[in-house]
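Here is a short note to read alongside the structure. Keep the view open and follow the points in order.

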Amino acid sequence: MSASSSHSPLHKPEQDSAWVPPLDMALGLARQALAEQADANVYDKQAMITAAVQLEIRLRGLVAALDKGDKLAAQVAEHGPFPMPTGESMHADSKACGTCKSLTQDGKPVEHEQCAARAVLLLPPDQPMYENLVDLTDEQRKALPARFHTPVFDGLGKPNAWLCQVCWGDGWVSQWPCGPAQQKGAMVFVSEERPRTSPPSWFDCGPRPPALAGSPRWKRRSRASRRRLSR
C-alpha cells in the first residue's frame, strides 16, 4: 500500500487517553517538548515527524487543560468555589408525610421541602425557664453561663428573627448571637461526638450561679429538683 493511499490519523479519540493533566503540568510538559525539539534538523524527515508528533501531543494536552480550566472558572463564577447544593434531601423528618417517608426508604429524595430532616437544637438540661428568668435583672440575665445563650426563632415578630433565649427584658430583646454568645461562642454549643458524663446542672455542679442566688423562684425550683433526684 502506497503512502499516498494510506491514512492513519495522528489523534484517535477512541484510543488515546482521555486523561487531562493539571494546567501547570501541561504547561511544563509543553515547555519541555519545545526545548527538546528546538535542535531538530529541518532537513531530517524523521526528526521533523518526531518533533511534530511530540509537539502535537503536548499542545493537545495544554489545550485540554485550558478548556478544563475555563469550565471550572465558569462553574466557580456561577456557584462559588464549592459545589452548589441540590437542595434534595435523602432523609425524611420524623413528622414527614407518608409519601416522603416511602421515597427515602427507596433511596430517593423527599418530595416536599417541609418533610426533609432538619438540624435539631438541643438545649442544656438545666436551661432556665421563664419563671426562673422573670425575677432577674437585665444584668443578671446577660451574666448567665454561655450555654444558656442559645437561639430561639421568633416567627410572630416583624421581621422574623432568631433571638437569645435569656437576653430579654421589659421592652427589649437581643437578636442572636447576643453579646455573651459572641464573646464565648465555643462554650454555647458542643459537638455531639464529644464524650460526656452525666448531664450538668446547677444543683450537682457546685454553687448556684450568682445571677440566680437571690431568686426566690429558683430556690423553690432547686428544692424540688433535689427531691426528684433523691427518689
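Which residues form a nonpolar patch on the surface? Bear in mind that the model is predicted.

1. **The surface patch.** The residues are L121, L123, F153, W162 and F189. Together they have about 480 Å² of accessible area. Find W162 in strand β2, which covers residues 161-169. W162 is partly exposed, with a relative accessible area of 44%.

2. Strand β1 spans residues 151-154. β1 and β2 run antiparallel, and 4 bridges join them. One of the residues to look for is D154, whose bridge partner in β2 is A161.

3. **A cis peptide bond.** Look next at the step from W176 to P177. The peptide bond there is cis, with omega near 5°. P177 sits in a loop, with β3 (172-175) on one side and α6 (179-183) on the other.

4. **Salt bridges.** How many salt bridges are there? The count is 3. Side chains of opposite charge can pair when their charged atoms come close. The next points take the pairs in turn.

5. **E56 and R60.** The closest N and O atoms of this salt bridge are 2.7 Å apart. Both residues belong to helix α2 (residues 45-79). They are 4 residues apart, so about one helical turn separates them. E56 is buried, at 18% relative accessible area. R60 is partly exposed, at 39%.

6. **D126 and R147.** These side chains meet in a salt bridge, 2.8 Å from N to O. The pair links distant parts of the chain, 21 residues apart. D126 lies in the loop between α3 (98-105) and α4 (130-133). R147 lies in the loop between α5 (138-142) and β1. Is D126 buried or exposed? D126 is buried, because its relative accessible area is 4% and the limit is under 20%. R147 counts as partly exposed, at 25% relative accessibility.

7. **D138 and R141.** Here the salt bridge is 3.2 Å from N to O. D138 and R141 are 3 residues apart in helix α5, so about one helical turn lies between them. D138 is partly exposed, with 29% relative accessible area. R141 counts as buried, at 4%.

Note on methods: Residues are numbered from 1 along each chain as its sequence is written. This is a predicted model: local features need pLDDT of at least 70, side-chain atom pairs count only at pLDDT 80 or more; totals for chains, interfaces and linings use all residues. Side-chain values use heavy atoms; hydrogens and water are left out. Patches are made of residues with over 30% relative accessible area and no salt bridge: like charges are joined within 9 Å, nonpolar side chains (Val, Leu, Ile, Met, Phe, Trp, Tyr) within 5 Å. Accessible areas come from the Shrake-Rupley method with a 1.4 Å probe; for residues, only the protein chains shown count as cover. A salt bridge is a side-chain nitrogen of Lys or Arg within 4 Å of a carboxyl oxygen of Asp or Glu. Helices (H or I, at least four residues) and strands (E, at least two) are DSSP runs, numbered from the N terminus. Buried means under 20% relative accessible area, exposed over 50%, partly exposed in between (1.4 Å probe, protein chains only). Two strands pair if DSSP finds at least two bridges between them.
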